[in-house]
Amino acid sequence: MIAYLERFDSIPSSENQEYDDITTLSDGLEIQGSIDYRSTTTTSAGKDFGGMQFSQPLAVIKPASSDDIVSVVKLASRSQHLRVAARGNGHSINGQAMAHRGLVIDMNAMDKNNNNNNANNNKIQVYYFAGGDFGGAAACVDVCGGALWGDVLRKCVKGYGLAPRSWTDYLDLTVGGTLSNAGVSGQAFRYGPQTENVVEMEIVTGKGEVVVCSHSQNCDLFFGVLGGLGQFGIITRARVLLQPAPQMVRWIRVVYSEFSDFTQDAEFLVSIGEGGDSFDYVEGFMFVNSDDPVNGWASIPLDDPEQEFDPCFLPSSSGPVLYCLEVALHYNHGQSSTVDMVVERLLRELNFCEGLRFEVDLSYMDFLMRVNRAEHQARKSGIWDAPHPWLNMFISKSNIAEFDRLVFKKILKHGVGGPILVYPLIRNKWDNRTSVVLPEGDDDIFYLVALLRFSPKGTQVEESIAQNREIVKCCIRNGFDFKLYLPHYESKEEWKRHFGDKWTTFVERKDKFDPLAILAPGQKIFTRNS
Ligand code: FAD
């Protein structure tokens, strides 16, 4: 289909900038995909999962190919003001995938267009990598930047018995969206974040050039784009490393009353697990020591009505909050006795509260889709569509005990109306050449802390945002070594501070790959140059 953007009928004469942009658009954009400027489409592209920002674009482009994206970027570069945002699945919290009165590119539509047009899409190939981290042969899959990770999982497992190695907890996120941040879950201690599990990408840069990049080819663009918040180019294709997919998973939760026991065990598991001799997945939570149905004991037992949380097993010394270590072990049918042995051997080493252990066996796909199942419930109750003032941070191991004392035990002692994740990650699994920003010290371990607030309504949203600010201020006041993950800042000064040593390189890469600052305006890092 050839789509043209027709001249808009009603051009607001008072808004000269908008007039210029619309005139530029109206001069004609010829693409194979489609352009949609109906207000229903632009209104939904003006919202995101956070539900706290709204920025309506002029039009939404559903590209059929990288060439379509090139046309859009080039069109924007000919205008004085137009900016372009790739939108993955719009699961950002603070408007990062929005383009106020600009153009939004619906990347998931590109994946759907590709699948309709190309039966060989997502073909698995085996490549030989000489030297480096991936020395040897490895299976990889080429996926569209707009593909949902859940679709990648289904195709790889069902078609080939293979699967990517590193995940996010929730899979209705796009490949390009998570690679632009990091992509972290309980496998990252072993394989690094998703940004460490991609070996080649095709990018449309802010100059409208199509560039293939990897560790050895156009590596400045490759590393810049990974964790680059969409600033240097639009990821149209990624080559993702695969491993054999297990059939089953044993999913286990154990409870701690002491933070020091929890962190000691979590750090022990991720440290021995680097080489493979541990669980295949390690995460953790903080929860409230009460019968609060959302934040308390009831949030811990897994999908099994037989398993109940009995607080009698808690020591009398327990404080206002408790901790849960969540682990999982992969196995195949016929190996359940070996799994029992390995699980018992590993759990024997841990210091959790006896009697507070919960477990289920489920298929590998069901395990990875666990948050997608929770989404159905959350949609029914309306909390999926409510605002989500989330806060995500990386905090150095040397400050995590003090963070527990000041933040978990005091500021958050009543919970946040959703999960509070806290789990260790290993620094040497994160390549420092990417744009991802980590705590600055040289601790080998740092923690992900995520406040996944689910139920605030009305004034509670303001209160939650204020509480997030209070936590960040507390970290600054106490000199904690931390960085925001999925960051959101309003001023260049704050961004500069966020990137620290990486700021100069970040700016140089921007000048090189998107000199007019057309891309990803919703991140509010750079202003448009004409
Ligand atoms: P969007 O929000 O649409 O885009 C994010 C940014 O990337 C924007 O700046 C956009 O312009 C840019 N972008 C999008 N596509 C491309 C592309 N193809 N090329 C270049 N730039 C692009 N994160 C984790 O790490 N681990 C988790 O376990 C995790 N769980 C989550 C669970 C839920 C329920 C939600 C809502 C989010 C979760 N996230 C998690 C956060 C998630 O990684 C981010 O929201 C991320 O932005 C991906 O979402 P998206 O694909 O919808 O991207």
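Begin by selecting the ligand together with the 36 residues that surround it, among which G88, G145, G176, G177 and G230 are the closest; keep in mind throughout that this is a predicted model. If you colour this shell by residue class, you will find 14 nonpolar, 20 polar and two charged residues. Next, show the secondary structure around the ligand, where β3 (84–87), α6 (175–179) and β10 (233–244) each supply at least two residues of the shell.

Now step back to the domains themselves: the protein is divided into domain 1 (16–114), domain 2 (117–244) and domain 3 (248–484). Select the contact between domain 1 and domain 2, which takes 18 residues from domain 1 and 21 residues from domain 2. On the side of domain 1 that touches domain 2, the elements giving two or more residues are α3 (66–78) and α4 (107–117), and α4 gives the most, with seven residues. The residues on this side of domain 1 comprise eight nonpolar, eight polar and two charged.

In soluble globular proteins, nonpolar side chains tend to be buried together. Here the largest nonpolar core has 138 residues, and those that touch the most other members are V72, V84, L103, I105, I395 and L448. Strand β13 (residues 321–331) gives the most to this core, with nine residues. Which residues does I395 touch, leaving aside those up to four places away in sequence? Centre the view on I395 and you will find I400, F403, P439, F446, Y447, V449, F480 and F482 in contact with it.

Finally, show the whole chain as a cartoon, in which 16 helices and 18 strands can be followed. Along the principal axes, the C-alpha atoms of the protein fill a box of roughly 70 × 50 × 45 Å. The radius of gyration is 23 Å, which agrees with the value near 24 Å that a compact globule of 530 residues would have. Of these 530 residues, 47% count as buried. If you display the contacts with a separation of 6 or more, 75% of them are accounted for by residues 24 or more positions apart.

Notes: Residues numbered from 1 in each chain as written. Predicted model: local features only at pLDDT ≥ 70, side-chain atom pairs only at ≥ 80, totals over all residues. Helix = DSSP H or I, 4+ residues; strand = E, 2+ residues; numbered from the N terminus. Rg over C-alpha atoms; globule rule 2.2 N^0.38 Å. Buried ≥ 20, exposed ≤ 12 C-beta atoms within 10 Å, placed from the backbone. Contact = placed C-beta atoms within 7 Å. Domains from an automatic or database assignment. Nonpolar A, V, L, I, M, F, W, Y, C, P; charged D, E, K, R; others polar. Near = placed C-beta within 6 Å. Core = buried A, V, L, I, M, F, W, Y, C linked by C-beta atoms within 7 Å.
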